[in-house]
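Hi,

Here is the structure we talked about. Please load it first; my notes follow below.

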Amino acid sequence: MTERTFSILKPDATRRNITGKINAVIEEAGLRIVAQRRVHLTEAQAKKFYEVHAERPFYGELVAQMTAEPVVVQVLEAEGAVAKYREVMGATNPDNAAEGTIRKLFALSIGENSVHGSDSLENAGIEIAQFFTDADIVG
Ligand code: ADP
Ligand code: MG
């Protein structure tokens with residue numbers, strides 16, 4: 001089934017000017033970028049986006065990192081896009097990420113790990129709606 005998932009190229013990626021390299025990996029895996037915008041997240045936006053992690057010890061650091069530099073928010077489309085993009089991203093901790101994955105190739109640390117990807121189809125819909133309207137998604 002054709003699905004859409006939500007992707008963020010994080011501040012460590014925009015800072016190092018490697019968003020194109022990361023998107024090359026995404027596109028080569030067969031995911032199509034159907035919406036895209038560069039945005040500097042506000043603290044309120046980052047806090048809301050990562051609300052599920054509010055009680056975790058790294059929450060403050062995560063919000064600080066996500067608001068430090070601009071990010072690229074995008075919608076990816078493919079057959080089974082949610083699982084496919086999680087596979088292409090690799091494990092949260094780059095030390096555990098498989099060869100060839102984005103996090104193995106580019107992540108600096110477990111916190112500065114270059115990319116976000118939705119963890120379920122339901123969350124993908126919720127996350128996409130935080131940044132894009134239907135009219136923004138153009139294929
Ligand atoms: P994922 O991004 O792989 O879905 P999580 O949803 O568990 O991972 O965590 C969200 C983000 O929080 C991670 O991508 C990472 O930037 C940060 N993070 C997760 N665990 C840690 C940790 N132990 N220390 C610092 N930052 C973390
Ligand atoms: Mg997650």
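H53 puts a polar side-chain atom 3.0 Å from an oxygen atom of ligand 1. Keep in mind that this is a predicted model. R103 also has a polar side-chain atom 3.0 Å from a ligand 1 oxygen. For N113, the corresponding distance to an oxygen atom of ligand 1 is 2.9 Å. On its own, ligand 1 exposes 530 Å², and the protein buries 79% of that. The residues around ligand 1 include K10, Y50, F58, L62, R86 and T92. R103, I110, G111 and N113 are also among them.

Next, H116. The "active site" annotation in an unreviewed UniProt entry covers this residue. H116 sits in strand β4, residues 115-117. Is H116 buried or exposed? H116 counts as buried, because its relative accessibility is 10% and the cut-off for buried is under 20%. Beyond its sequence neighbours within four places, H116 contacts F6, S7, I8, K10, F49, Y50, Y85, M89 and E127.

F6 leads on to the core. The largest nonpolar core has 20 residues, and F6, M66, V73 and F132 touch the most other members. Elements giving two or more residues to this core are β1, β2, α3, α4, β3 and α7. α4 gives the most, with 4 residues.

Best wishes

Key: Residues are numbered from 1 along each chain as its sequence is written. Chains are lettered from A and ligands numbered from 1 in the order in which they are written. This is a predicted model: local features need pLDDT of at least 70, side-chain atom pairs count only at pLDDT 80 or more; totals for chains, interfaces and linings use all residues. Side-chain values use heavy atoms; hydrogens and water are left out. UniProt positions are given in the numbering used here, feature names are shortened, and annotations may be inferred rather than shown by experiment. Buried means under 20% relative accessible area, exposed over 50%, partly exposed in between (1.4 Å probe, protein chains only). Contact means heavy atoms within 4.5 Å. A residue is near a molecule or strand if one of its heavy atoms lies within 4 Å of it. A polar contact is a pair of N or O atoms within 3.5 Å; within protein, one must be able to donate a hydrogen and the other to accept it, and residues adjacent in sequence count only if both atoms are side-chain atoms. Accessible areas come from the Shrake-Rupley method with a 1.4 Å probe; for residues, only the protein chains shown count as cover. A nonpolar core is a set of buried Ala, Val, Leu, Ile, Met, Phe, Trp, Tyr and Cys residues joined through side-chain atoms within 4.5 Å.
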